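These are my notebook entries on one structure, written down as I looked things up.

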Amino acid sequence: MSYPITRHRRLRRTSALRSLVRETQLTVNDFIYPLFVTHGTGVKEEIPSMPGVYHLSLDLLKAQIDAVVASGVQAVLVFGVPDSKDAAGTSAYDEKGIVQQAIRAIKGWAPGLVVVADTCLCQFTDHGHCGLIHHDKHTGVAEVDNDPSLELLVRAAVSQAEAGADIIAPSNMMDGFVAAIRDGLDAAGYEMIPIMSYSVKYASAFYGPFRDAAHSTPQFGDRKTYQMDPANAREALREAESDVVEGADMLMVKPALAYLDILRMLKEHFDLPVVAYNVSAEYSMVKAAASNGWIDERAVVLETLTGMKRAGADLIITYHALDAARWLRGE
Ligand code: PBG
């Protein structure tokens, strides 16, 4: 018999050898943890499709922030669930809005924690779209009006920076939003606040649980005229390229799991940090299977997050962040 020419198993023989040749290391510094903040007091309401994720009122947010700090996770992403909505999403850029209040509170409790603000209108508009609605003058069809929406998004971003946000993360997918927000932030004296752009955001069914959580389901139509077609890859390069030109500091791909090829492509084409958003339905699927005893939650989550990092993610926004941090500590 002849011996195998190559023995791949030599470097897999022991746990120590495997760790010496491991190419990807997942660490707690990779994570950004999303939070849903709401009005009132004493509110801690679990989102039914996202076990372990809550709507929190500001008085109960403190305990959650303490848990984040204790976990070693360095950054949170703040989403607001407001008590009033209107056609122009006014509560998105109200200095006393729920997001602005939450950012102020968090920076007071944990000044060193990086607070990322999601900048969009869909949670704040009564129609649930990410911009202002106008009617096409020929057909009468309602559509999202790009340029007037930019002004409102700039106001939202500036009010978030004023409240103390460390990073602005615009997720609205209007054309020109990075340039408009960069201009607005600079003019208001926030030239050092970076923009984490949701550069490549697909019109995805994987946001379903989030929309239940944030009450942001569009009341008519869908988001396909502004979010990307899941079938397209080269278009993702055009989206990212324009964000780079407009001054983005980080590029995001969302969702993550079904789009790891896009993550890798961005990593190869651009030198900016790349962020993966491990979105709500990706979380819900794991939770559902785990609660049925069908999968080993810990192993599946760590494997998934490692896969995102291997594909090119420098940062991962994930609802699993606190659990993953604990598991990485070996608990
Ligand atoms: C707001 C926004 C959405 C998500 C993040 N920011 C929803 C959407 O675009 O419909 C989804 C996050 C998730 O599913 O976890 N535009």
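Which residue takes a positive phi just after α9? I found that G293 does, with a phi of about 75°.

**Ground rules.** I noted that this is a predicted model, in which local features need pLDDT of at least 70 and side-chain atom pairs count only at pLDDT 80 or more, while totals for chains, interfaces and linings use all residues. Residues are numbered from 1 along each chain as its sequence is written.

**Helix α9.** The expected span is 1.5 Å times one less than the number of residues. The buried residues of α9 are S280, E282, Y283, S284 and K287. I call a residue buried if 20 or more other C-beta atoms, placed from the backbone, lie within 10 Å of its own, exposed if there are 12 or fewer, and partly exposed in between. These buried residues of α9 pack against β3 (50–57), α6 (208–214) and β11 (274–278), where contact means C-beta atoms, placed from the backbone, within 7 Å.

**Helix α3.** I repeated the length check on α3, residues 98–109, and its 12 residues should likewise span 16 Å at 1.5 Å a residue, which agrees with end C-alpha atoms 16 Å apart. Its buried residues are I98, V99, Q100, A102, I103 and I106. What covers them includes β1 (31–38), α2 (58–71), β4 (75–81), β5 (114–119) and α4. I kept in mind that an α-helix has 3.6 residues a turn, so residues three or four places apart point the same way.

**Helix α2.** Although K62 and A105 are 43 residues apart along the chain, their C-alpha atoms are separated by 8.2 Å. Q64 is also found in α2, and with 18 C-beta neighbours inside 10 Å it counts as partly exposed. Leaving aside neighbours within four places in sequence, Q64 is in contact with L35 and L56; the C-alpha atoms of Q64 and L35 are separated by 9.0 Å.

**Core.** Which residues have the most contacts inside the largest nonpolar core? They are V76, V78, L153, L263 and V275, in a core of 101 residues. Helix α4 (residues 146–163) gives the largest share of this core, nine residues. A nonpolar core is a set of buried Ala, Val, Leu, Ile, Met, Phe, Trp, Tyr and Cys residues joined through C-beta atoms within 7 Å. For V275, setting aside neighbours within four places in sequence, the contacts include M196, M250, L251, M252 and I317.

**Loops.** I recorded that the peptide bond from K254 to P255 is cis, with omega near -5°, and that P255 is found in the loop between β10 (250–254) and α8 (260–269). M173 is a residue other than glycine with a positive phi, near 65°, and it lies in the loop between β8 (167–170) and α5 (177–187). Is M173 buried or exposed? M173 counts as buried, because it has 24 C-beta neighbours inside 10 Å. H215, also not a glycine, has a positive phi near 50° and is found in the loop between α6 and α7 (234–246).

**Around the ligand.** The residues around the ligand include D118, C120, Y207, R211 and S280, and "around" means a C-beta atom, placed from the backbone, within 6 Å of it.

**Whole chain.** I ended with the overall picture, which has 11 helices and 12 strands. Buried residues make up 44% of the 331 residues. Among contacts between residues at least 6 apart in sequence, 72% join residues at least 24 apart. The C-alpha trace spans about 80 × 45 × 40 Å along its principal axes.

Definitions and conventions:
Helix = DSSP H or I, 4+ residues; strand = E, 2+ residues; numbered from the N terminus. Contact = placed C-beta atoms within 7 Å.
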